[in-house]
Amino acid sequence: MDLLHWKLFPLSALLASFLFFFYIQDSSKSSQSGCSLFPHSHYWIASKRIVTPQGIISGAVEIKGGSIVSIVKNKDWSGKFKQVVDYGNAVVMPGLIDVHAHLDDPGRAEWEGFPSGTKAAAAGGVTTLIDMPLNNFPSTVSTETLKLKIEAAEKSIYVDVGFWGGLVPENAFNATALEALLDAGVHGLKSFMCPSGIDDFPMTDASHIKSGLSVLAKYKRPLLVHSEIQSVVESHLETEDGGGDPRSYSTYLKTRPPSWEEAAIRELLTVTKDTRSGGPAEGAHLHVVHLSDASSSLDLIKEAKRRGDSITVETCPHYLAFSAEEIPDGDTRFKCAPPIRDAANKEKLWNALMEGDIDMLSSDHSPTVPELKLLNDGNFLKAWGGISSIQFVLPVTWSYGQKYGITLEQLVSWWSERPAKLAGQHSKGAIAIGNHADVVVWEPEVEFDLNEDHPMFVKNPSISAYIGKRLSGKVLATFVRGNLVYKEGNHAFAACGSTILAT
Ligand SMILES: NC(=O)NC(NC(N)=O)C(=O)[O-]
Ligand SMILES: [Zn+2]
Ligand SMILES: [Zn+2]
């Protein structure tokens with residue numbers, strides 16, 4: 001007996017090491033390093049509602065090594081596969097791609113920072129975000145400052161993060177500097193046509209933008225523009241004692257009329273004609289960020305599209321959820337620029353989105369510390385402008401869109417497909433074979449009260465404008481490149497998101 005034992009020992013040791021090897025193979029990429037709450041790198045996500053470019057199907061998505069390798073319909077998968085996470089009737093959709101977020105890192109991490117900002121993103125089903133070049137310090141306007149940004153992001157992000165670079169007067173006429181910044185991996189450039197509120201991010205005019213577009217054309221990357229031009233006539237209202245009670249929202253609203261947006265867009269269109277086929281900046285693209293005015297400004301954009309200019313436009317959930325009439329006096333959580341306008345404008349924004357005249361959505365998550373929001377003082381003219389929202393953009397869009405009959409496919413188009421295209425992310429934005437396994441699983445029908453007890457992962461939850469709202473749409477799970485980074489209130493132990501650089 002003893003002898004037999006000894007003879008079998010090497011065999012069983014070999015068998016054990018084989019099994020161990022395969023276990024490690026399967027789980028090393030994710031669970032071992034704490035990148036995932038699900039310890040497998042080859043598995044299937046099953047659901048009765050998977051949103052694919054070919055329609056909504058019941059079936060399973062096969063994930064291997066961080067990518068989608070097959071999609072099977074119906075119950076073809078049942079019984080056959082080993083590792084299946086069956087989400088039943090919950091919706092399986094591509095993760096949201098937020099092309100407009102300010103995470104303020106490095107330099108102003110007390111406003112947000114990569115760890116909390118990307119935790120909030122993951123909890124909201126956002127699997128990729130492109131970080132804005134301002135509100136961090138120093139602003140991201142050169143290869144050196146981009147390097148600082150990448151260093152700040154590495155090992156501290158729970159989702160994938162890319163970067164826009166800043167187009168500012170200092171670099172706008174310096175093609176070599178812009179090319180260096182684009183070569184270093186920014187997905188495109190961003191500029192302001194009015195003061196940005198950030199000292200080291202000055203505004204540009206049409207001549208800077210024209211020059212920037214000619215460089216971007218070679219790279220086929222977009223220019224994103226904050227489109228408001230401060231008009232001299234109205235700007236006196238911005239002084240503290242001009243125009244009325246600074247605690248009243250209508251006082252603030254009057255300081256940034258729709259004519260500011262219209263003037264900026266009119267000016268932009270004098271240069272976007274260069275982007276037409278055969279034009280001097282063919283290949284470049286102009287993207288108008290956070291459109292608020294759904295009247296003349298939008299008409300101008302529609303006209304430019306008809307003429308063949310390469311131009312797109314986004315709006316943000318806060319313009320679709322709120323209207324000026326309901327913003328309480330002194331409630332500076334709602335201050336942003338351009339401002340949230342009246343209910344009639346909100347209605348027009350929704351119609352434009354449904355008609356396809358507005359191309360996509362973004363959060364414009366732009367938080368700060370509560371002290372700068374002047375929550376106690378309530379002075380709309382002095383408070384920081386920016387809405388904190390990234391964790392709730394999915395349920396907000398869905399909840400407020402019910403009235404307009406929005407569909408899951410539209411959500412995917414506005415939040416994943418088109419943003420992916422804008423940011424040059426060809427392996428993201430759709431549940432499709434070969435794409436990154438960036439997935440959100442959520443229950444559209446489940447309602448929740450967004451009150452103080454609700455888990456919020458942003459650094460400064462008290463500035464959130466959505467507190468007190470009842471929303472529909474609960475995120476159950478978020479996968480980034482196959483890693484389960486968020487599951488029902490919990491995040492993966494390690495921050496394993498990738499910095500994504502344009503090549
Ligand atoms: N400096 C800012 O980030 N400003 C932001 N502020 C807003 N939107 O109120 C923005 O995107 O313009
Ligand atoms: Zn802006
Ligand atoms: Zn912004």
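User: Is Asp104 buried or exposed, and what is its relative accessible area?
Analyst: In this predicted model, Asp104 is a buried residue, where buried means under 20% relative accessible area, exposed over 50% and partly exposed in between, with a 1.4 Å probe and protein chains only. The relative accessible area of Asp104 is 0%.

User: What pLDDT do local features need in this model?
Analyst: Residues are numbered from 1 along each chain as its sequence is written, while chains are lettered from A and ligands numbered from 1 in the order in which they are written. Side-chain values use heavy atoms, without hydrogens or water, and because the model is predicted, side-chain atom pairs count only at pLDDT 80 or more, totals for chains, interfaces and linings use all residues, and local features need a pLDDT of at least 70.

User: Which phi does Asp104 have, and where does the residue lie?
Analyst: Asp104 is found in the loop between β6 and α2, with helices (H or I, at least four residues) and strands (E, at least two) being DSSP runs numbered from the N terminus. Although Asp104 is not a glycine, its phi is positive, at about 65 degrees.

User: What is the relative accessible area of Leu374, another residue that is not a glycine?
Analyst: Leu374 has a positive phi of about 50 degrees and sits in the loop between α13 (370-373) and α14 (393-401). Leu374 is partly exposed, with a relative accessible area of 23%.

User: Which protein residues are donors of the zinc ion (ligand 2)?
Analyst: Donors are N, O and S atoms within 2.8 Å of the metal (3.2 Å for Na, K and Ca), and water is not among the atoms, so sites may look incomplete. The protein donors lie 2.0 to 2.1 Å from the zinc ion (ligand 2), and they are His226 (ND1) and His290 (NE2).

User: How many residues apart in sequence are the parts that His226 and His290 tie together?
Analyst: Both His226 and His290 are buried. Because His226 lies in strand β11 (residues 222-226) and His290 in the loop between β12 (285-288) and α10 (296-307), the pair ties together parts whose separation in sequence is 64 residues.

User: How much of the accessible area of ligand 1 does the protein cover?
Analyst: A polar side-chain atom of His102 lies 3.3 Å from an oxygen atom of ligand 1, and a backbone N or O atom of Gly385 lies 3.1 Å from a nitrogen atom of ligand 1. Accessible areas come from the Shrake-Rupley method with a 1.4 Å probe, only the protein chains shown counting as cover for residues. Of the 310 Å² that ligand 1 has on its own, the protein covers 97%.

User: What is the omega of the peptide bond from Phe137 to Pro138?
Analyst: Pro138 lies in the loop between β7 (126-131) and α3 (143-153). The peptide bond from Phe137 to Pro138 is cis, with omega near -5 degrees.

Note on methods:
A polar contact is a pair of N or O atoms within 3.5 Å; within protein, one must be able to donate a hydrogen and the other to accept it, and residues adjacent in sequence count only if both atoms are side-chain atoms.
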